[in-house]
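Hello,

Here is the structure I said I would pass on to you. Please have a look, and then read on for what turned up.

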Amino acid sequence: MIARKTIGIAGTAKNTGKTTTTLSLLDYYNTKGVKIGLTSIGYDGETIDNVTGLPKPRLFVRKGLLIVTAEKCLQASSAKIKILENLGIDTPLGKLVCAVVEREGLIVMAGPNQSYHLKNVRDLLFSYGAELIIVDGALGRIAPMVETDGFIMATGASYNLDSHQVAIHAHYLAEICNYPQSAKGLLKDPAWVKLLDSQATVVWNSSGEIVAEVNDLLLNPEQLRPFFNHSSDARGLYCPGLITTQCLKKLIEIPFPRGMTYIFSDPIKLIVGNDLKVTHDFMTKVQQEGSVLGYKHRLPLISITVNPFYPRYRYESDNYETAYIDKGQLLQEVTSLANVPVFDIVNDSCTNLANIIFDTGIQ
Amino acid sequence: MSRKRVLLVPLDPVHDVGLKMIRRGLDEAGHETILLPPDLPVHEIVQEIVKQRSDTVLVSRTLGYGVAELLANFVDLLDVVGVRSKINLGIGGMAIRPELAAELGFDAGFGPGTTVEEALAFVERREYVEGSQKVVKNKRDLAEGYSYSFRHAGIQAKLNLIVDMILNWAANKTSPGVQRAAIREELWDVQRWRNYESMTDFYNEYKQYCDDLGKNYYEKGILHPKTRRFTKEEINSSEEYVRRTQEVIKTPKLQHNRTKPSVFNQYGTGCPFMDIGHIKVSEAWGADGVVHFDPSWGARTEGFLDGFLTHQEDGTVITPANLNRIKKALEESTLWQVRAHRGLNTPETIVLAGKIGADLTKINIAYGSLGAGTDPARMTVDGIWAIRYAAKYNLPFDVVTNEELCGVPAYKAFAGMLITTALGIRLGGKPILQPLFCKSPEVMVGGQMKDNYVEFNAAKIMALRQIIDAPMWPGAPVGFLTQTEDRVQSSASTAFHASLAAMLGVDAVTIASSDEAYSGGPISVPSKIDTLRAVSEAFRFFGQTPLASTPQMEVWRDSIVSGIDSVLDKIVERGDFVQSLYEGILGNREDGAYPGRNGKDTVTTI
């Protein structure tokens, strides 16, 4: 038996294999008799891709699966579905409902599409007996993954045709998500842990006193100016909100002493909208200076799945066709650079991925 | 409703016209709007949203390469900075659909055709009920607001003499058609019939005045050879079709900012089930009214059959059951015309149509006698009674002319139309003038349409307006003889003719489908949609632009008026309307008009 947990499946682009990964996991857990709750932060199960017009893998589900999806999606599903509860949350496709599959078939999913709602959905699915919740991601969206215990990233040729670039991106993601430690572990003393209750971005000194504070959201490098005046007595920094690439670049210029402790809310705040290379460079620099990095909420990237497929645009006919890059090379390059387990979800058995999910969040 | 702070974000490099339109609507509704400049970097927009503490953010963006990723990232940023749960986030633009909005993390997606009302409902967090803004169509009384007073005293005086002449001639006359209408009027109760109650009194009396077709039906149950009854299964699926269609149908308005003309088209495939399908399509594409077409043999037959019957050729058989089924399938706003302008069942058609609930009918003694094959004496007696019943059942009737198919010149056809009109007014009816907008034999020979189709058609309306204050309904259908087998040409031509009707401010217009002249069988559904779409587009194009009068129109107007006057002179001089019909004063053999022979010698003296 696995402890109750929520796993997200995100993608670096469309057509990277999110749905295939989901299907593979659903199948695996079905044979193991694990009660699964499934929801989506995007729109899944459609026959034809909204952008490319190419056929997509349909979501075939079996009896007993718990789902949270928008009302209008039920009409487009062939599985027999019994509604358990209406959540009263509006989406472009009607209100969200919690339901159970009574007879196997195809479904279309569109669930909560913001973190705030995903939290409620998660709690509800657990209350209906889900042991594991799978959150299918959406095109390029990662923010709601903050409500999961860990996520799988699907990547591949759709993200970039150059498998080396795919591998570098996967490497950055894995490092940004997994390298920083738990803030509680870093700060240890409960009095210091209290610093993380701050609603502002703060810098503290060796006695744990806040010496400077600015806005929680670091959008504009100018916001960091007050920290220059307090750089010498600083020992730690905590930012509860988003920090942009420009601010990270500025942050690195502040002459803080070696051995600093940098704490951010979670990896998502360093990823969304940012140049991952800059984030990664920041982390490397911090490390070189003997400083440490931590997250208030860890969000491990537990695995990467790779997909050589991509939709190739045809100029002659203004449409897309199915195409692939070298599968072996893609798998090999991503595995060698990304410090997490990497799978070719179409060819590999799901057992290893499931074992990794089993271990997630146990530390 | 509390005042909302709405931030309008054109994420597009240039396009923000949709947002500007929505902004006007929101401002008018009392909300506070801030429109950002186009093409700001995403981070700046997010900052602005945080700073403005907006309740609602409406983004416009046309979908294109990489745009979905850009939008997803934008939503992620809002989520990460913690404002996503505090705002109502909508997206609009070309190719935006609700599925895509869901996928990208928005609360709503608005595609092309979104109304300001929809955006307003979203901003005010009301449930948008489609249909709350749906155009609610009401039936128009086409005759409303007309005094029926004559503007041309000379013509009025002559028409009065002719009406006296007709009524005196007919005072002691009757016909089997008049008898059947009286029996239908007295003994046939629509409620009893609908309840399947026995109506033996009626049938026993009625069949005596029918010809063999009717007698065989009522005595032996034999149907017309080209008809059959629907099966139980067909009836069930017809009812199911009507039910399902009525649940979802919307009835758009074609006229843009005008209130008229009401747009009619015709049905009459022979199969009432198929007719109902055609009617529902016409309604769904904006037709305001539909016209029932019966088979040509219906005009030559004494008496109606009954039963839900389908006919294997053009024209849908008039039976109580057929009319009743069609009536039940109509939307409440749809005007329904059952024609009775020709043939041996003319007065009875009106009694039946009136009892079953038609809105309009069609009567013209001159056309029925000279263009539709009914004996002039019979048509006159029956026509008088038809008008009396139309007045009783409050059915306004158009008085159609015959210049198109027969080739009778407009002034002669109009003289006949005005006689029926004057008779109608005298008998308390509400006649509607129906001049044809057509490329008739008269103009093909005379060259009036060598340059354009506008001036001669306009001159017809101007001439009639100079004579009388009465409603007008060009038909039937307009521009029929300008159509070809090319559907685009036919649709365009139909739309231009309908626009001419609109610009002349007439009350209604009957349009053809794009294959009406060349279908070689029943009209097809797509071709009905063709012309309804084309007319809608043309009405939108011209809006309320009026048509300027030209010197040529005035010349033709005057010649039509004086032509009418001279025809009426001749009838007054002849002293006998029915004889005038036989003798060709209202259209002779040279014009292509032949006095009809159906029902000859059936008029009897009481």
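Predicted model: local features only at pLDDT ≥ 70, side-chain atom pairs only at ≥ 80, totals over all residues.

In helix 12 of chain B, the residues P272(B), D275(B), I276(B) and I279(B) meet N322(B), R325(B), I326(B) and A329(B) of helix 13 of chain B.

Helix 12 of chain B covers residues 272–284 and helix 13 of chain B covers residues 320–329; their axes are 10 Å apart, and the two pack at an angle of about 25 degrees. Since angles under 35 degrees count as roughly parallel, helix 12 and helix 13 of chain B are therefore roughly parallel to each other. The crossing of helix 12 of chain B with helix 13 of chain B is right-handed.

Another pair in chain B is worth a look beside it. Helix 17 of chain B (residues 410–426) and helix 22 of chain B (residues 551–574) have axes that come within 8 Å and cross at roughly 60 degrees. Helix 17 and helix 22 of chain B are therefore oblique to each other. Their crossing, helix 17 with helix 22 of chain B, is right-handed.

Which residues of helix 17 of chain B meet helix 22 of chain B? From helix 17 of chain B they are A410(B), Y411(B), K412(B), F414(B), A415(B) and L418(B), and they meet I560(B), G563(B), I564(B), V567(B) and L568(B) in helix 22 of chain B. The residues of this contact comprise 9 nonpolar, 1 polar and 1 charged.

On to where the chains touch. Chain A gives 31 residues to the contact and chain B gives 29 residues. On the side of chain A that touches chain B, at least two residues each come from strand 5 (80–91), helix 3 (115–127) and helix 9 (268–271) of chain A. The residues of that side of chain A divide into 17 nonpolar, 10 polar and 4 charged.

Finally, a few words on chain A as a whole. Its secondary structure amounts to 12 helices and 19 strands. Chain A has 363 residues, of which 48% count as buried. Among the contacts in chain A with a separation of 6 or more, 76% are between residues 24 or more positions apart.

How values were computed: Residues numbered from 1 in each chain as written. Chains lettered and ligands numbered in written order. Axes fitted to C-alpha atoms, helices over the stretch in contact; angles between N-to-C directions. Helix = DSSP H or I, 4+ residues; strand = E, 2+ residues; numbered from the N terminus. Parallel < 35°, antiparallel > 145°, perpendicular 65-115°, else oblique. Left-handed = near helix turned anticlockwise from the far one by under 90°. Contact = placed C-beta atoms within 7 Å. Nonpolar A, V, L, I, M, F, W, Y, C, P; charged D, E, K, R; others polar. Buried ≥ 20, exposed ≤ 12 C-beta atoms within 10 Å, placed from the backbone.
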